[in-house]
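Reader: I'm new to this one and would like to go through it with you. Could you show it to me before I start asking?

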Amino acid sequence: MKIQGWMFLLCGIFFAAADVVYWFWSKEPTGTTAMAISVGLALMIGYYLLFTARRIGDQPEDNKEAEISDGAGEIGFYSPHSWWPLFVCLSAALTFFGFAVGWWLFFIGLFCTVMAMIGFVFQYYRGNFSH
C-alpha cells in the first residue's frame, strides 16, 4: 500500500503544478477549480493509503521480491446477492433529483437514502443470512 500511497501523492503534486500552469495560462476559474479538486482528491487518497499502510504493516505488494502466492488468502467478505446497493443508488438519485424539483422530494429522497443505508449496513444481522 505504500507504493500506491506515494503514487497518489506524486499525482497530487503533479496536478497541483499543472493547475498553477493552467491558471496562469488560461485564467479560467472552472477548469482551475476542477483541477484543484483533483489535487485534493489525489492527496486525500494518498494520505489514506499511507496511513492505512502504517497501521496494518507491510503488504506483499510492498516487497519487491514477493511472489503472487504471498497475496493469496481471504481478502474480505463481499455480499454475492445483496439488493441494497441498488436501493441506495435509487434513493440517492431521488434525493439529487429533489434538488431540481423541490425540497419536498429532497426530504423524501433523504429519508429513503437513510433507510436504504441502514438496510445495507444491517442486512446480515437479521433474516436468513444472519451470522
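Reader: Which residues does Thr 32 touch, not counting residues up to four places away in sequence?

Author: A quick note: this is a predicted model. With those neighbours set aside, Thr 32 touches Asp 19, Tyr 22 and Trp 23. Thr 32 itself is in helix α2, which takes in residues 29-56.

Reader: Why does Thr 32 count as buried?

Author: Buried means under 20% relative accessible area. Thr 32 has 13% relative accessibility, so Thr 32 counts as buried.

Reader: And what does the side chain of Thr 32 reach at 2.7 Å?

Author: The backbone oxygen of Glu 28.

Reader: Now Gln 123. Where is Gln 123 found, and why does Gln 123 count as buried?

Author: Gln 123 sits in the segment that follows α4 (103-121). As for burial, the limit is under 20%. Gln 123 comes in at 19% relative accessibility, so Gln 123 counts as buried.

Reader: What makes the link between the side chains of Gln 123 and Ser 82 a polar contact?

Author: A polar contact needs a pair of N or O atoms within 3.5 Å, one able to donate a hydrogen and the other to accept it. Here the two side chains make such a contact at 2.7 Å. Leaving aside neighbours within four places in sequence, Gln 123 is in contact with Ser 79, Ser 82 and Trp 84.

Reader: Stepping back, how many helices and strands are there in the protein?

Author: Four helices and zero strands. Along the sequence, that reads α-α-α-α.

Reader: How does the radius of gyration of the protein sit beside that of a compact globule of 131 residues?

Author: Such a globule would be near 14 Å, but the protein has 21 Å. The C-alpha trace spans about 50 × 50 × 20 Å along its principal axes.

Reader: What share of the residues counts as buried?

Author: 21% of the 131 residues. The accessible surface comes to about 10300 Å², and 73% of that belongs to carbon and sulfur atoms.

Notes
Residues numbered from 1 in each chain as written. Predicted model: local features only at pLDDT ≥ 70, side-chain atom pairs only at ≥ 80, totals over all residues. Heavy atoms only, no water. Helix = DSSP H or I, 4+ residues; strand = E, 2+ residues; numbered from the N terminus. Rg over C-alpha atoms; globule rule 2.2 N^0.38 Å. Buried < 20%, exposed > 50% of the residue type's maximum accessible area, 1.4 Å probe, protein only. Areas by Shrake-Rupley, 256 points an atom, 1.4 Å probe, with all protein chains shown as cover. Contact = heavy atoms within 4.5 Å.
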